[in-house]
Amino acid sequence: MGSAEDERCVYKDPNAAIEDRVNDLLSRMTLQEKVGQMTQIERRVATPSVLSGLSIGSVLSGGGSGPLGVAESASSEQALLSDWTDMVDGFQKAALESRLGIPLIYGIDAVHGNNNIYGATIFPHNIGLGATRDGELVRRIGVATALEVRASGIPYTFAPCVAVLKDPRWGRSYESYSEDTDIVKKMTAIVTGLQGQPPQGHPKGYPFVAGRNNVIACAKHFVGDGGTERGVNEGNTVTSYEDLERIHMAPYLDCISQGVCTVMASYSSWNGRRLHTDYFLLTEVLKNKLGFKGFVISDWEGLDRLSQPHGSNYRQSISLAVNAGIDMIMVPFRHEQFAEDLIALAESGEVPISRIDDAVQRILRVKFVSGLFEHPFSDRSLLQIVGCKSHRELAREAVRKSLVLLKNGKEPMKPFLPLDKNAKKILVAGSHADDLGYQCGGWTVAWHGSSGRITIGTTILDAIKEAVGGNTEVIYEQNPSPSTLASHDYTFAIVAVGEGPYAETLGDNAELAIPFNGTDVIKSVAERIPTLVVVVSGRPLVIEPHVLEKIDALVAAWLPGSEGTGITDVVFGDYDFEGQLPVSWFRTVEQLPMDHKANSYDPLFPLGFGLKCKKEA
Ligand code: GLC
């Protein structure tokens, strides 16, 4: 403890009860400082004077935004890990120079590893993890992710997304674990991985962070983001309250029971009611009924999107959202306007001071719980852990367990897999055979992801070359020429096709055909050579019957991330398949949305489907 003044500052006493620290600090804050704490700004506008002068509560990296600017593609120069820790610590230093020295929370979308950082371990996206049905695996991934996030100096990730995916036309399908609520509930174990395990008797709904190797998590997007009509991103979920609660809200109870610190409101609507302004759902249900005592954060420009045309009634949007129960606003750029408007709203009484105080108490509670007052800066001893061998092995295990075998042989008693590692000559083809960026998908280095060697990892082709024997000739052509195909001495072919990377609305897709002429490549190869097809995608894609019948084996690999070796581990037989479909594989998009409980349910492959190579013992 420092000066005599510090002696009287309960909030600075690490041995004082958290609620006493919260209330002591709140009692010392001006309205301006309270509004500052409710403000989250993007790093690009986080100047020292703004951070210290306005007592800003939080700074974030928007998708792809880092120390060197906003990564647009693989060609962007890569920031070093120390660039990240220096940047975050620099912001924190400025924040601590504010009158009351309240540390800020730096937040980032680490949604499948610390995916913003070059060289970080990139785990399979959630849809692939849902195929594993393995909550303990996902918890371990949370532990590893927390360490790699902390290594960059960051204590807060906007994860997990616990959307229940009802229509794969949705551009964020791959961020969901499943169409089945029970599978999503099971995968919420990642919260305990990220934040640590709350002790027995931990108060219900109270935020929890075990220590400096853990991060603040964020269950998102509350509520019903995966249930919109036609899968339109940020659209409207039309359903009864009972079904909203049963299908889409249930995973939040699991997150809250694990002490999740924050919940992000959804851009979407429920029966035409915008979630960002829904007092019933945000306050009466989430906070009062479910007992959530962390803080609710808006989505990016969530309040701006309420006021159309842009900015015409921003102040009204602030009033609606804050009164509904939003505690921290991801502004992220127009913080002066936000502060001016919210201060005016508080002074006029349109937003009661009691609401402001409740929001600030929740924010301060999370800051005290996470240890930020005692340890506001990065722990540089963690630098070596980013992309370390044990984390890559964990990611490889996750890839193995996520693969779903949909077809194995053209005749029942003649399985095609596992493949022979000592085959004489094999052909590798397709847009996704040698593209790390495609394997990782969106939210990887760049917001929407990108093609090419975007980070450190192994492509499917790399992995095949590592897996096969020294006498095996591997021929690789993305789109094999007639002369290449004319050769008759291939033992088999592996054709990897799928989706290019995307994020959010850019991923909304009503056709769901295999892009990059993938179907043509499959046909041209499979008509001549025994062929395994690997589909790398964020969701099921259309596979027509006349194409399926030509394929000898079919594997759904989802978006596996940096460790392509997990695929060859299984297709060459070192491990058997374990994955089960986390989402129905439709025949045609006209069937969407599919309901696996409906009598009319008629998918190509049903929810839970997954073959094994080796017959059950
Ligand atoms: C985005 C997403 C949200 C993300 C946030 C910050 O628009 O909707 O999932 O956490 O903004 O990047």
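The crossing of helices α12 and α13 is right-handed, a label given when the near helix is turned clockwise from the far one by less than a right angle. The structure is a predicted model, in which local features need pLDDT of at least 70 and side-chain atom pairs count only at pLDDT 80 or more, while totals for chains, interfaces and linings use all residues. Residues are numbered from 1 along each chain as its sequence is written, and side-chain values use heavy atoms, without hydrogens and water.

Helix α12 covers residues 314-324 and helix α13 residues 335-348; helices here are DSSP runs (H or I, at least four residues) numbered from the N terminus. The two pack at an angle of about 65 degrees, with axes 9 Å apart. Axes are lines fitted to C-alpha atoms over the stretch in contact, and angles run from 0 to 180 degrees between N-to-C directions. Contact (heavy atoms within 4.5 Å) involves Tyr314, Arg315, Ile318, Ser319 and Val322 of α12, and residues of α13 including Phe338, Leu342 and Leu345.

Ile122, Arg169 and Tyr174 supply 19% of the area that domain 1 buries against domain 2, more than any other three residues.

Methods: Buried area is the accessible area (1.4 Å probe) that two parts lose on being put together, summed over both.
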